[in-house]
Structures are given as C-alpha cells and as structure tokens.
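Subject: Structure for your review

Dear colleague,

Please find below the structure that I am handing over to you.

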Amino acid sequence: MDITIRHARPDELTAVGEITARAYAAVLPEGDSYLEELRNARHRAEHTELLVAVDTADGGGDVLGSVAFVPHGSAYTEVARDGEGEFRMLAVNPAHQGRGAADALVRACVNRARELGMSRIVISTGPRMHTAHRLYERLGFARLPERDWTPVPGIHLRCYSLELVTDL
C-alpha cells in the first residue's frame, strides 16, 4: 500500500471525525462524551496541524487515518511542555489497520517536531491501547510515568516520550 501523509482538506473533515470516533469506540465506554470531541475534526483542523494518511495506490485517495500534531501552548496541548511537541487522537480506520498508516502518521509528527526544533515529542495513551504502545516502543518512545494523568475519574492515561536526538 502506498501511503501519503498530508494536511487534511476541509472536504475530508467529516470522514476524519468518523474514522477517529470509530477507532476509539473500541476502547471507550459506550456513550462516552469524548466521542463527540473525537468526531469534531473541524475544530482540530482549526487549532492543530491535522494530518491524514491517504492511500495513493492505484490513484486511490481514501483517508486511512489521522493525527493531530500539537505544539506546546496549543488549545489541544495536554502534556507537552515548553520546547516539546505532542500528538493526539491518532486513529486509523479499523478496516485499514495493520498496513502502516499509524506508523507513517507518528513518523510525520516526529519529523514535524524536529523541523520546529523541538527537543521531545510526547503522547498520552490509554492503558488498553496495547497496539499503540507497541508501535510507540518500536519507534523508540519510552514511558514517562511522571506525566501520567487522570483527565476524568476512572480514566488514567499513560505518557510516552521520544527524545529528538536520534533518527527513526
């Protein structure tokens, strides 16, 4: 599969929101209000660098997944500190998982953080997101337990970080 990473276009935002909500539905409690925030890709596109992975094989163009790259100080910053980048809401359409889209999206965020001269990139992830944990660890991310946090009662998020001194 040929994958291109680029900024989301306005006509793709509804699909991006639905892909994100579908991907997270498996790890969130049914009816969780966070699903509405996940669907609001238009807001993310206005306040972050909303990237999409697009299938470019055979003249395709289907959006496979997306991620929000978030510099420190953005409306979407959760755990990034000064000089750090963060990415949020990494999601791949469940029908296309396992084909490299998530890997390409994370690498694009790492590269963007490097372009901006950031020293580190961080991510918060839920304890049930085992596939994501394996991806982050394979790409060199390490646990950053001192930044683990609980956004709402009953939801404890783990932090991972990558020092931006080595190439992926």
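Arg143 sits over the face of Tyr160, 5.6 Å from the ring centre; a charge counts as lying over a ring if NZ of Lys or CZ of Arg is within 6 Å of the ring centre and within 35 degrees of the ring normal. This is a predicted model, in which local features need pLDDT of at least 70 and side-chain atom pairs count only at pLDDT 80 or more, while totals for chains, interfaces and linings use all residues. Residues are numbered from 1 along each chain as its sequence is written, and side-chain values use heavy atoms, with hydrogens and water left out.

Tyr160 also belongs to one aromatic cluster together with Phe87, Tyr136 and Phe141. A search of the whole structure finds four aromatic pairs. Rings of Phe, Tyr and Trp (its six-membered ring) pair if their centres lie within 6.5 Å; planes under 30 degrees apart count as stacked, over 60 as edge-to-face and the rest as tilted.

One of these pairs is formed by Phe87 and Tyr136, which are edge-to-face, with 5.7 Å centre to centre and 70 degrees between the planes. Phe87 lies in strand β4 (residues 84–92) and Tyr136 in helix α5 (residues 130–138), so the pair ties together parts that are 49 residues apart in sequence. Helices (H or I, at least four residues) and strands (E, at least two) are DSSP runs, numbered from the N terminus. Both Phe87 and Tyr136 are buried, that is, under 20% relative accessible area, where exposed is over 50% and partly exposed in between (1.4 Å probe, protein chains only).

Tyr136 also pairs with Tyr160 in a tilted arrangement, at 5.8 Å centre to centre and 55 degrees between the planes. This pair links distant parts of the chain, since Tyr160 is in strand β8 (residues 155–163), 24 residues from Tyr136. Tyr160 is buried, as is Tyr136.

Helix α5 has a further partner: Ala102, Asp103, Val106 and Arg107 in α4 meet Leu135, Tyr136 and Arg138 in α5, contact meaning heavy atoms within 4.5 Å.

Finally, Leu50 lies in strand β2 (residues 49–55). At 3% relative accessibility, Leu50 counts as buried. Leu50 and Val67 are 17 residues apart in sequence, and their C-alpha atoms are 5.9 Å apart in space. Not counting residues up to four places away in sequence, Leu50 touches several residues, among them Arg6, His7, Leu13 and Val67.

Yours sincerely
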